[in-house]
Structure formats: C-alpha cells, structure tokens
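Here are some notes to go with the model you are about to open. Have it on screen while you read, and check the points as they come.

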Amino acid sequence: MAPPAPILRMRGIGKQFPGVKALDGVDFRLLPGEVHALMGENGAGKSTLIKVLTGVYGIDSGEVELAGRPVAFPGPQAARQAGISTVYQEVNLCPNLSVTENVVIGREPRRLGRIRWKEARRRAAELLGRLDLHIDVSAPLSAYSPAVQQMVAIARALDVDARVLILDEPTSSLDKDEVAQLFRVMRRLKEQGIAILFVSHFLDQIYEIADRMTILRNGRLVGEYLTSELSQVDLVAKMIGRELADLERLEDRPPAREGAPLVEADGLGRSRAIEPFTLTIREGEVVGLAGLLGSGRTEVARLLFGADHAGTGSLRIGGEPVGLRTPRAAIRHRLAFCSENRREEGLVPDLTVRENIVLALQAARGWTRPIPRRRQDELVAKYVSALNIRPADPEQPVRNLSGGNQQKVLLARWLILEPRLLILDEPTRGIDIGAKAEIQRLVAELSGGGMAVLFISAELEEVLRLSHRVGVLRDRRLVAEIDNDERLTTGALMETIASGAAS
Amino acid sequence: MTVATVPGRKARVPRRYVPVLVTAALFLAMFAAGGIRYEGFATGQIILNVFIDNAFLLVVAVGMTFVILAGGIDLSVGSVVALSTMVAATLLKQGWSPWPVMMLVLLIGAVLGLGMGAIIHYFEIQPFIVTLAGMFLARGLCYTIGARSIPVDDPVFTAFAQTRIDLGADMWISPGVVVAAAVVVAAAYTLHHTRLGRNVYATGGNEQSALLMGLPVARTKIAVYTISGFCSALGGLVLSFYMLSGYGLHAVGMELDAIGAVVIGGTLLTGGSGYLFGTVLGVLVLGLIQTIISFEGTLSSWWTRILIGLLLFVFILMQRLITARRR
C-alpha cells in the first residue's frame, strides 16, 4: 500500500551558525495522521530543524513544501497561520495571564473590537475538554503545575486549524500519569489526521507512541525508519554513531566505601522548604537523592550549599562546625553545586566556553588575581577533552551549544575547583544517552578518586547505578536512608517513595 | 519550583488583587486619620480637590501604566508635559486658534513617544536610556522656544481653567478632571477588553513567550510608548488649563511622581501585573499626602517627598515579598 502524500516535505535543508554547521543537506517528511519522532543526540540538529521549520530561523539552503506547495516562513506567526503549531519544552506561555487568555490570545473572539470574554472562556474550556482537562479557565496560569501548563500550550496549538503539531520534548517535566494522558491526546489528534512531530529523550516513550522516526547525527540525516522495524539497540547505535559496546556499561553497583565523614548535617531544616534532616556524606561516596518532583530534593542541596539559609540544625564539614550563609562560603569549603536550571542559575550564555569554565575558579581566587591566560587555556583544553565537550572550541559562546554540552561546561566549571563535595542536581535531565553515559561514568570516576558526590535525579535506575547510599525524600521530608546493596531495587525504592517508610 | 495548589485556601482574595487592596486600605486609613485630626477634612470636596489638583498627573500616570505593564519605563513624560505647555502657550500667543493648537500638541507628544518606542524596539536599547535621552531632548526644546514663563490668555483655555462643573451638594470639579476621567475609562477599557490591552499584559509578563505565541510584540511595545507620549501631551494641556502658562520648568521631576503613583497603585515594575484602578488610587494617595501636609500647616512641603519616598520603599518591598512567595 502506498503511503499517503506527505503533508510536509523538507529537502536538502542547510543552516549555518558562526563556526557551526548546524544542518547539512537534511531531508525530512511528515505524513498526515502519523506520530513521527525526530531522534538524535544533543547537538545533532533537532532543535535547529524545528526552528527552521517554524520560521524562527531562516534557511540557508534547501526547500520546504507544505501540502505540495513550496513555502518560506518569515516568522513563527506565519508558520502558525499555515497550520504548523509548536509546543516547546519550556512552556512558552504567559503565567501572569489567565488560562483562557493563554489559549486564545491573539485570536480572541471579538465584536467591534471588544473581546468577548464569555465566548473566549467557553472556547478555552471546550479545547481543554478535548484534552480531558477540566480546570478553572479564569485562574491565572501560574496557579497550575507544569504538566497542566503543557496541556494548555497544546490546547493553544490546536486552536488554530493545525495540520502539523510539533511537540519538542513535551514530556521532560511530566510524571507517568501525565505522560499517559498526553499520549491519549496525541492518539486522538492522530486519528483526526494531524501530523505530529515528536521529540523526546525517553526511548520507551518513542517506542510507545511513534510510528516512524528520522534520525539525525551531527547535523546530517542518518535515515528514516519505521519504529516497528528498528530495534532500540540499533536506534541508539545510529544516533551516537558508535557500537553500543563502546558505551561500556557501568558495573551494576559501585563497591561500598568506608571513607571519613566529610559533610554531616544534623537536624538541618528550613520551614516550608524541607523538614529537619540528618545526613552524612563520606569522602569518595556517592549519595543519591530520590523522590518525586517537589519532594524537597533540590531544597536539601540548596541548604547544604548555603544557597538558602537553614532555619534549624547544624552542619559540619570535615568535622568542623560551619555556618554556610552564602554559596561563597560553601565554595571556600570546597563544595560545588551544579544547579538543575542550567540556563537560569548556572551559565552565562553570552560568554564563551572558556570564560564560563574559569568563572568559578576566578571568583574563588578573587578578582584581583586574574588567572593567566595560558593557565586558562590549559585548564579549559583539559576539561573540554576530558568531558568531550562539542564543538571543542573554547571561544564559542555557550549559547550556541546544545543542552548536554552546556551541562558539561557547567560541570567543568566546578570540577576545576577540585571540590571535596560535588552536588549534582538533575545533571542528566533533558540530555541524550551518549552525554548521559559520559556524565555517569564521570561521576563514578570522581568518586573513585575520593570526591564525595550528592547525586539528585528523577531517574531511579540512574540513582541506583551510581549511588553507594540512597536518601529517599517524600513531601519535603527525608524519610529513609538506604544502603545500596543487592536487595535494593527500583521497585523497593519506588515503594519507599510511595509509602514513606523503608520496606 | 513547585506550584502545588494548597486545598482549603480557596476563600482568600486572589493574590493579584492584594496590592490594589492594600493601596485602597491605605487611602481609606489616611482619609480617616485626616478626618479625625483636622476639622473640615472629611468632605467629598477634599477628594475632588485632590483630583482637580492632580488631573494632569493622573493623565500622565495612565500612560505610564501602559508602559510599565508592558515591562518598560518612560522617563520623558515630565519633559513632554513641559514641552506641551510651552508649545501651546507660544502658538496661542502668536494668534493660533486654540483647537488646532491642541491637536498639534497631542500629535507632537504621540510622535515623540512613537519615535522612542521604535528606537527601543528596533535597536534593542534599554527603555531607561532611550527615554532619558527623550527627557533631555524635550526639556531642551522648551528652552529653545523661550526661557521665561509665557502666560496664556486665550478665552478657550481660560474657560477650561475657570469653569466649575457643579456636582450638587456643594461639590464641584474642573474640566480637567472630566478629561482625566475620560482618559481613565478609555484606558481601562483598552487594557481589559481589547487585543492591544491584553498584548500589553502578555508582553510585560514574558516578552519571549509573547513573541513565540505569535503576538505582535513590536507593535505593542511601540504602541505603549506612543500612548504614553500622547498622555503626556494631554497631561500638558490639562496642566496649562490649570496653570494658564507655558514654562520650561513646569513638571520638573513629574516622571518620578507618575512612576511612584503607578507603583504605589500596585503595578509590578517588572511588568505584566497591575490594574489601572490601582494607578488612580496611587495618584489619590500622593495627592492626599500633599493635602494632609498643607492641613498640618507647619510642615515644609518637602515632607511630601519624604513620605512618598518612604511609601515607595514599603510598596516595592511588598511587591518583592509577593513575587517571592509566588515562586
């Protein structure tokens, strides 16, 4: 049976950024009524392809056809009007406006220039109803969880006569039930003949929902495949361009360690953020923190690092009592903290890779003692190659790097301080498998070298693979501390998170 | 990080109304305190007098509300007010008839605003800097027209200045108040019931998102500065009705009063949140402080400034706390 004519066809797309060839002769097609996954590591060109398609960037070479007719979009608005709607990973809505407005703004029903609010609310409620979402549409968007905001963004995308819906990592901040709900919605839209372009780093999700996939690597097309005909192993191999064996699996569990206590928190707490907790981290030990979103994982890290002030309790580092009032004090005690919001709280996007990496070291030395340029170059070259940062050009602005590589730059910044305790808050979220494995391997190596690591992740497998001990958080309370031995499984961990007691 | 909906707190006032309600409570408290302390204070005419004396400020503050809601700032308003009085007085003296003069003044204000808005948007320059330049430019232009105060004796303008509109019960307002009230009503309608108004809120809430949502951010940003320039020129006309003169030293520092009124009225300086009604209350609070100080009699008028300064501190701190809790 011949497949239906593609609704969208891109041929020979090329896009050049200063110093980087982001896309090089990429072909892509999208059939009506299919979910098509766009696969590739960070930096493979997925985001660029989407931005080219939606008119955010212009095209250097190649052509785009929509329903058989050549098109060129000068901006996102033009793409939307042509029926290509996009929902981004970071929800791009206005949290200060009501849900209704976020759905209809720009296309409000009007009479003589006056917005008909009643009609607008009705339409918003109806569109959200199509997604099985029944919420108060006159409440401000900021009152709702990221998952609901994501649904609102999709409802907005559907309000136009959308023929192509692009979902750029919509699931990265959703929990399991919410993902299931999103998939129900996607299947329904598929039946209505809408072509869906789906990007996700979760392979299981891809295999659950996608009919077909296009794989990119380093800005080039690897190929287009039916999901049912490509195994996960082959997919990963094609994405990273290496054999899977090279990915060298980490050993199941790290060997137990008996180092001296490095950081001892005793009854440390902060009202409304985290209940008082007691936690000891030893030298060379990886302590994992597991728990749901909002369970207090980040709050623990921020208290240990002095980013928030503790209301109660005491903290000892290397046996000495310390009061960490500011992150500066923590850095002096050689603690390091990689925040989960790498864009907002970590990197300076307009500075170069080199400048970003030496930032913390320079701050620790004080501004009166600049680091000699030669020393900077040596350090940066060392970490760029050690962490495999791509492109390996230290003078590239960090803005031009992909998410995974930005994460590595942030990591490098803290590593050159040679910290005694490295706090990693969701270091692998939203980055691809290759970079993930590299970061995991790095954590294991660092701890082997005697560095203590506090590792926060939403992925239990990852926590289990790396940690010597796991702290479980639930409802802003540290409910259990479990040694990671043979008996601990993700199932047991999940049970603890769910029940709030070690089983 | 988490936006958990806490059950059992539904009966409370929505947080976005809190700043306006605080300002309203402050106004009532000041009015009550004045009424207890001074004889003849607690009358309706006292409030109407506040409107009469500050009609021009209200008009200017309305324009400023648009700009601040969209996430910008306009420092040029005081100078544009002065320039408007100067242009009006000079042209009237040269024998122009009053209506074309008013049209021309409004046009000049709007074009100045349009120009600044376009520079801010297309060259991506901080509004603070661009409108600071506009402030110097407009103030300087006043002195190229003339260094002295120019009296206005046009019959239409004097009629505007001297007419008392009787409201019954011994209360009256000036035509300037009517103009200000019309501006407030038109602006409130625009902000809440038209696309332009909602785009102003969206742009101020998150400009990047507004752009990705396909909203006309460029047009919106330029529009708010144009509106502010227009309102400044209109405020200048109302001021020349009130003062019956044009002078380069009129309305010195008025941009700060206007910003102060908007902030005290509960509009976030970061944009995207606030109500025009708050701005009206803000102007009333500022005016009432002046009234109380004149009733007190012994205090220097600089106490007005001190109190406004203190109030601003308190309100900015309050905004900070409200936005901090929202995170």
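1. Ground rules. This is a predicted model, where local features need pLDDT of at least 70, side-chain atom pairs count only at pLDDT 80 or more, and totals for chains, interfaces and linings use all residues. Residues are numbered from 1 along each chain as its sequence is written, while chains are lettered from A and ligands numbered from 1 in the order in which they are written.

2. Where the chains meet. Chain A puts 23 residues into the contact and chain B puts in 23 residues; two residues are in contact if their C-beta atoms, placed from the backbone, lie within 7 Å. On the side of chain A that touches chain B, the elements giving two or more residues are α2 (76-81) and β8 (114-115) of chain A. α2(A) gives the most, with 3 residues. Helices (H or I, at least four residues) and strands (E, at least two) are DSSP runs, numbered from the N terminus. By class, this side of chain A has 10 nonpolar, 9 polar and 4 charged residues. Here Ala, Val, Leu, Ile, Met, Phe, Trp, Tyr, Cys and Pro count as nonpolar, Asp, Glu, Lys and Arg as charged, and the others, Gly among them, as polar.

3. Domains of chain A. Chain A splits into domain 1 (8-245), domain 2 (248-334 + 419-503) and domain 3 (346-418), with bounds from an automatic or database domain assignment. The C-alpha centres of domain 2 and domain 3 of chain A are 25 Å apart. Between these two, 11 residues of domain 2 of chain A are in contact with 12 residues of domain 3 of chain A. Helix α15 (residues 433-448) of chain A supplies the largest share of the domain 2 side, 3 residues. That side of domain 2 of chain A divides into 7 nonpolar, 1 polar and 3 charged residues.

4. Follow β11(A). Strand β3 (residues 35-39) of chain A pairs with strand β11 (residues 212-217) of chain A in the parallel sense over 4 bridges; pairing takes at least two DSSP bridges between the strands. A:L38 stands opposite A:T214 in β11(A). β11(A) also pairs with strand β12 (residues 220-226) of chain A, in the antiparallel sense over 6 bridges, and there A:M213 has A:Y225 as its bridge partner. The hairpin of β11(A) and β12(A) has 2 residues between the strands, and A:N218 takes a positive phi near 50°.

5. Which face of α5(B) is buried? Seen down the helix axis, the buried residues of α5(B) fall within an arc of 165°, so they line one face; the arc is that of the directions from the helix axis to the C-beta atoms. Among the buried residues are B:V130, B:A138 and B:C142, whereas B:I129, B:F136, B:G140 and B:T144 on the other side are exposed. Buried means 20 or more other C-beta atoms within 10 Å of a residue's own, exposed 12 or fewer, and partly exposed in between, with C-beta atoms placed from the backbone. The cover over the buried residues includes α3 (77-93) and α4 (98-122) of chain B.

6. Two loop residues to look at. A:L112, in the loop between β7 (110-111) and β8 of chain A, has a positive phi near 50° and is not a glycine. A:L112 counts as exposed because it has 4 C-beta neighbours inside 10 Å. In chain B, B:E124 sits in the loop between α4 and α5, and its phi is positive too, near 50°. B:E124 has 7 C-beta neighbours inside 10 Å, so it counts as exposed.
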